[in-house]
Every structure is written in structure tokens, then in C-alpha cells.
Amino acid sequence: MLTLQSLLQVVPDAVKGALDQDTLDYLEGIVEESGDPATLRDAAEPFLADAGMSDDDLNAMFARLSVNADAAPSEPAASSGPVRLPGAVTAAPMSAATPTPIAPVPARTAAAGSQSRPRSSSGSKKTASGSSAPAKSAAAKLKQPKVQAFSQQSRFHTETVTTLSNDVDLKGVNVIVNDTELLVDTRLWLKAGYHYGMVGRNGAGKSTLLSVIGDGSLVGFPENIRTLYIQQLDVLDTEMTVVEAVMASDAERQKRVSDANAIERSLQSPDALRAALEGYIGRIAGESIAQAQKIATLRSGKRGKTARESALKAENTLLAGIRSKLYAGGKQDSEVAADVLTTLYAELDTMDAHSAEAKARAILSSMDVSEEQQDGPISNLSGGWRMRVALAKAMFMEPDVLLLDECTNHLDLAAIAWLQDYLAALEDITIVSVSHDRDFLNAISQEIIRLKDKQLTYHPGNYDEYEQTEDELRKKKERQYTALERRREHVKKSIENFMKHARSTNDSKILTQVASRKKKLERMVGIDRFENGKRFKRANWGGWHETLRPELKLERAEKEVDFSIPQPENLRNNGPLVSLDDVSFEYGGAQGRRVLDNVSLSIMMGDHIALLGLNGCGKSTLVNLINGTLKPTKGEVESQMRLRIGHYTQHFVDELSGVTESGLVRLMEDNPGTKEGDARKWLGSFELSGSLATRPMATLSGGQRARMAMAIMLFSNPHMLLLDEVTNHLDMYAVQGLIAAINEYEGTVILVSHDRHFIRETADECYVLQDGRLELLDEGVDEYVQSIAAS
């Protein structure tokens, strides 16, 4: 068994004498909590290095320690250990009841963008294959990934914690998830007030990067810059009112309101009052300890050792110190409660907390959220209105940097048009948006950030300009490379000719020319000009390099995902695949809400049709009638007998987020008799080969899960594809690959999508569903967008 004693036995005596008692107590707590040599090394290495141990000595010592631990039998851990903070330090804020002086906000809903861990789905949901799976319990079985995010640090703490401007310029940024490197020694550069679009392959780490910036776990990010991370559907389905949800986004205000409410409610109960005061003391202590630990992480050398010692002492003594200060002079709980309430209300006055509701309502009104909607529950709002609430929370917090992750998912075109106009008008806020919607990025982006090969690169202009510039630069480098190779071949031939001439004439002077030409050939290995057009000079290329010139690297165009949509088998009947004749549908029976009113449509083999309309207008209902899932209230829906339909719903990705089995297992279970080799080959055609095919689907990125759901759906070789928001979660290159595959597909495709570029490229006919009526648009999706702008 690994113990502190076994560690000290392999530590040199000189180093052992340099470790003080606080450090030993801290290491003993680590040993008793984990017992893992790797975990112990992470904790002990900084102290041992400061005490004088070299890297070689550390490697040898921990290797020996690991061998000893593996050989020893396991024993139960001892119950004693260092002083631990009470649960109040890490517990969720107490729910707020209705306070007398301050408007309450229930603490059950977190602030927008405040999440630091992936959310797991709750409840029992239908999986991609149609089976029911308890997503929450399944996700709970998965080990949460360990995320490390750090940047190049200065030895001087103040240089890395605060800055004098709202620009972000971090060098040496690294992001590691478990053992997978997503970013390696790259530069994070955000200019204040700029609007950025971020693009990259699914699984490259875009969402992870936004997450570590938003939750403050990126070590070195300036503390004076306020960030807010808004994920897709960040406003949850809750009975909290809209105005309460906006006020709850201010976490600092909410903590003080919760503490004040808890103490006020407990004034008549001594036990409850003591518990409320302990909760307040725990919160203050936890915040101070977290700050001390952050300073210890940032500092290095002797100053780092001193900072770590301070952090250890704070962890063990801060609670007692706060208690003694509050209860000085023998004060009773009631007196301490009065002092704490005075402090809390003073802090709230400084934060202008009493005007929070008025401020929240003013922001919501500016977004055209009516007073009735403000006082109603969030659960009554559609996706587009919930996105307005999420943005209202952002404006209430007044962030310097706003991080948006696929914020257009599940929004209709009207909501997207409003969102892009609103974001484009924000001048003083830096925006970083990850999106698959080309038109959306073109509307809001001033610069594109590309995440590729674990590096971030920056390209002025919107997405179309970025693509054009990259294509021109790639062609320019190809021309430079061709010209360079042509000149090298010319020099090589001249050397060969000179050598032949020297051998035939025995002229030693020619050998001097040959040597000169060889040196010239050695120098012809890189660029002649920089990308800005200036001629290469050694003086402008600082630092130490292994080559005489920068290497001319050819960048290949990003490869599109090669979706394999099998061509459908021929049906005997050449008539419509599905026909709707005066179909009406009402939820709640004949006297319920009418969604479709006398809709008639004939769908032929090879039709590519897009269905447009606002959220809730009945598009999904119409798709379910075509699929046979629903039966019409009035009229008839007829389909061919042997017709196979593949139905991709917009909720597939969310459902797979709680599935612990792999895509390979799911595909073989859904299709008995399928050989593993054939299943692997099929998934590989969707760029889901190797470990991606065998990993639990819950551990895949959103885009990878989307491709997995599509692969499972298409394996049955359907005649008709019903694709409901199929581009959600896919990256740009996957969308382009899907466009190419759909255009080559000879079967029928029914699209429900908000992606204007995707619809333009794939749909031959566009219908709009409005007030229950289906109407053909002669000018396609652009006609619908223009009608939205005019309304």
C-alpha cells in the first residue's frame, strides 16, 4: 500500500529536511484520498523540485515508488487526514424564498454560460434505434473527462491575472482532455470589440476551448475580463419566470441574496441560524482558498513555493480565522447575524442590486419581450424566444467576451435573422461564435478563427472571404512550389552537364563551378517571399532554425466528409411514393388545435423538397404524417407498400449523449447478421473508424454523434429520407460532404432545415407552411427570407 512513509523512504535526506509540516500534512491527505502514484506525483513534484530534486531524480524515485505500490497488497485507507472544509464551501447555493427588502431569484437555475462540466440528459429518452434508454443513469456511469487548460505564464503574477485592456493575447495555450491534446502551444488572440467566427472539424476541440474560457479554468486568462459562455439551449425548460431567470444570471448578486435570505428566515430558530451562518462562512472561506490556490498555480520558483505554503495554511486555518473574527468579543449568533446582514446589504448596494429587476426588464423590453412574457414561465417560450432570454442574461451580466456555441441550432429562420442582426449591432463586446451556418457567420463575423492541427490561426473577413483567401493562398503556394521545383531541376541538370564535361576534359576549374552550383541547390529549399509579398531576408527571420529558409509547405484543401448514401432499389410502381389528399391534423382530437388544414402533396421518386416555416407551425407534424407515425384527423395519406423511409430527427444527437454502448454495437444490434468488418467499413465511410466506432457514443462530440446517427439510419438503404435539422452539430466540411451526397442521391429527400446555404444547394422545391396551409415558393428559400425581413 502506498503511504506517506513509503514516499519519505525514497526521498533523499537533504530534500526531506526541506519539507515543512504543512507540506507533509497536505501530501498525507493526497495519499489517503487517492493512493495512486500518478496523483501523488502531480501533487508532490512541485514541492520536491523546489527542495532541490532534479528531473532525473524525480523520474527514478517515482518509478521505484510505483513498482513498490503495485507489489504491495491493498489495504483499507486510514480514516484520519488533514482538515477538510465543510460541505457548505462546495454545496450549491441555498434556494431563496421571498425576501423582504430584495427581490428573490430561485437558485435552482445556473447563470447562462456558467457551466464547467458537460450536462447529462435526464429522464428516459428514445434512442436512435427507437429503444428506450435511461439517459441520466447511463451517462452517470461514464467517467467525466479530465480537462487541463493552461497558457504560458510569467513569473510575475500580476502580469497574467489582470490586464489594462480587454484584449486577450495568450501565448502557449494548451488544452488537454484526458490524454488527448486538442491545442498545443498555440496563441489565443481576441481583439476587444471584434466579432469572430470559429470553424474546425468535429471533435477538434472548439466547444472545449469555449468551455474552459467561459468557466474560468484556462490558467492565465485575465481575471478582469468577464466572459459568458452560452451553449445551445442554455435556457432550460423551467417554471422560473423570464425576469427571474435574467436576474439569476448574476452569480455574485445571487450568492449574496441567497445568504441574506437564509439568515433572515432563520432568525427565530437558533439551530437554523447557526447553519445559515456556517453556510456564509463556508462560502467566504471557499472563495479565499480558491484564490490562494490560483495564485499558487500561477507563480513559480521561490515565490511559487511561498504561495503554495500560503494556500496550504489558508485551507487549514481560514475557517477558524473567519469564525474568530465574526465572533470576536464573545458575540452571540444573533449579533453576528446582524453584522453579516449589514455587510451583505452594503455589498448589494455597491452592486446596485435593488435596481436589478428594472434593469432586467429594460433589457428584455429592448428585445421585444412583452411584459406578459417577462412575468410568465420560460417553459411557455419557443426556442427563438429562449435564445432572446439567453442573450438578455448575457446583456444583464455585461460581459467583455461573449462565447456562443451553435446558438442557431433549433432556431427557425425568423429567429436566426433577428439574432444575427442583434449580434452584428453589438459594438463593445467581443464575440466568438461556433456555428455551422455559413450565412450566419457571414453576417456576424469580422474575422475567422480556424482550429486545425492543434493550432489556432486568424483570418480577416467573414467565412466566404476566408474561403476565398485560403483558396487563393493555396494556389499561390502551389505556383511557388512548382516554380521552385522547376528551378531546382534546372540546377540539377546543369550540375550533371558540368560533371560530364569535367570527366571528359579533366578540367578541374569546372569542379569549382559544380561545387558552387551544389551550394546554390542546397539554398533552394524554401520560400523566396513571405506571405505579405516581401522578399525573404535572413535578417527578418529571427531565432534558431534547422534550415536556411522557411520550408514551403503545401496546404491541401480541407477534405469534405464522404457520406455514403446508398442508391435506393427500384420500386415496381412508378407512381407517387407518398400522397397526401386534403389532409388536416388537430392535436387533441377534432375540437383541438388545428396544425394542418387541407394539405395536398404528391411526393415522387427523386424529389428534393424543403419545408420552411416558423417553429411550431407543423413541419415536424407533416413529416410524421408522411412517415406514418401520425394519422390525419381528416383526409388520407397513402404510401407504396415496399417503401422504406429513413427518418433523422433533430433530437437524435441529444438522445445519443446518454448512450454508453458504441456505435458499432448499436449498428450490429439493429441489423442482425451484419458482419463486424462490414459494419466497421460502413462507419468508416462516415469518418467514424477506429476508436470512434468502439467508444461509447456518449463520449463522442456533437458532430460525431450526428454522423453516427446518420450512419445507423442509412444502413437500411431507404427510398426516402426525412431529414429534420440534419446539419445541426455538423462542421462546415461535413455539411459540404452531405450536400454532395444528397445531390448524387437518386431517391427522395424531404428537408426541414434552417441552414439557408444547405437548402439552396440541395432543394429543388421549397414549400412554406403557414397557418396550416402549404404553399410553393417559386423563388425558393431566398423568397422566404425576404418575406421575413419585410414583416
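pLDDT is the predictor's confidence in each residue, on a scale from 0 to 100. Keep it in mind here, as this is a predicted model: local features need pLDDT of at least 70, side-chain atom pairs count only at pLDDT 80 or more, and totals for chains, interfaces and linings use all residues. Residues are numbered from 1 along each chain as its sequence is written, and side-chain values use heavy atoms, with hydrogens and water left out.

**View 1. Confidence along the protein chain.** The chain averages a pLDDT of 77, and 72% of the residues score at least 70. Strand β9 (residues 430-434) has the highest confidence, at 95, while strand β1 (residues 124-126) has the lowest, at a mean of 33. Over residues 70-141 the pLDDT is below 50; beyond near neighbours in sequence, this stretch has 138 contacts in the model (contact means heavy atoms within 4.5 Å). Helices (H or I, at least four residues) and strands (E, at least two) are DSSP runs, numbered from the N terminus.

**View 2. An open sheet of six strands.** The order reads β16-β17-β18-β14-β19-β20, with mixed pairing; two strands pair if DSSP finds at least two bridges between them. At the edges stand β16 (645-648) and β20 (773-777), each with a single partner strand, so one side of each has no neighbour in the sheet. On average, neighbouring strands of this sheet are turned by 20° against each other, direction ignored. Axes are lines fitted to C-alpha atoms, for helices over the stretch in contact, and angles run from 0 to 180 degrees between N-to-C directions.

**View 3. Where β16 meets β17.** Four bridges join β16 to β17 (residues 720-724), and the two run parallel. Tyr648 has Leu723 of β17 as its bridge partner. Across both strands lies helix α26 (residues 702-714), running at about 165° to β16.

**View 4. The buried side of α23.** Gly663, Leu664, Arg666 and Leu667 are the ones to look for in this helix (residues 663-670): they're buried, meaning under 20% relative accessible area (1.4 Å probe, protein chains only). They cover an arc of only 165° around the axis, which puts them on the same side of α23; the arc is that of the directions from the helix axis to the C-beta atoms. Their cover includes α22 (652-656), α24 (676-684), α25 (691-694) and α26.

**View 5. The buried face of α24.** Ala679, Trp682 and Leu683 are the buried residues of α24. Down the axis, they fall within an arc of 95°, so they line one face of the helix. What covers them includes α23, α25 and α26.

Methods:
Buried means under 20% relative accessible area, exposed over 50%, partly exposed in between (1.4 Å probe, protein chains only).
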